[in-house]
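Please examine the sequence and the model shown here before reading the notes that follow.

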Amino acid sequence: MFIQTRSIVVQKGFADQVVERFSKEGLLDQREGLIDINVMVNRISKENEEVLVMIRWASLEDWKNWEKSPEHIQGHKDKKGQPKPEYMISMNVNSYELKKTKIGPAGK
């Protein structure tokens, strides 16, 4: 399994707008190999909020196929030159290869 995360830090009060964006149906949702997309919010900080998006793929190859797809490339071309929303402070993207899963009693 291959996992990509996006940590998006926004000004206080704007996390729900990011959640809404990732909740809409899109081309990614029908992509072969996509397992799921989880969107989590951390509102603990007094200064800002963090939205963590975790996208799980069946394999690294499935993710690479999405990255190279005409739909994905066109989406980036369409957004090129557009400024990021004023409320966005930062975004970090990371990728991981899942090596081990342990399931606790509540997950069985």
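Predicted model: local features only at pLDDT ≥ 70, side-chain atom pairs only at ≥ 80, totals over all residues.

Residues are numbered from 1 along each chain as its sequence is written, and side-chain values use heavy atoms, with hydrogens and water left out.

**Overall fold**
- The protein chain has three helices and four strands, taken as DSSP runs numbered from the N terminus (helices H or I, at least four residues; strands E, at least two).
- Read from the N terminus, the order of the elements is β-α-β-β-α-α-β.
- The C-alpha atoms fill a box of roughly 40 × 35 × 20 Å along the principal axes.
- Of the 108 residues in the protein chain, 24% are buried; buried means under 20% relative accessible area, exposed over 50%, and partly exposed in between (1.4 Å probe, protein chains only).
- Among contacts (heavy atoms within 4.5 Å) with a separation of 6 or more, 72% join residues 24 or more positions apart.

**Helix α1**
- In helix α1 (residues 15–23), the buried residues are A15, V18 and F22.
- These residues lie on the same side of α1 because they cover an arc of only 65° around the axis, the arc being that of the directions from the helix axis to the C-beta atoms.
- An α-helix has 3.6 residues a turn, so residues three or four places apart point the same way.
- Exposed D16 and S23 are carried on the face of α1 turned away from its buried side.
- The cover over the buried residues of α1 includes strands β1 (2–11), β2 (34–42) and β3 (48–57).

**Nonpolar core**
- A nonpolar core is a set of buried Ala, Val, Leu, Ile, Met, Phe, Trp, Tyr and Cys residues joined through side-chain atoms within 4.5 Å.
- The largest such core has 16 residues, of which I8, V18 and W57 touch the most other members.
- Two or more residues of this core come from each of β1, α1, β3 and α2 (60–68), and β3 gives the most, with four residues.
- Leaving aside residues up to four places away in sequence, W57 touches several residues, including F2, L28, L34, I35, W63 and W66.

**Residue T5**
- T5 lies in strand β1 and is buried, with a relative accessible area of 12%.
- T5 and M54 are 49 residues apart in sequence, yet their C-alpha atoms are 4.5 Å apart in space.
- Beyond four places in sequence, T5 touches L52, V53, M54, N92, V93, N94 and Y96.
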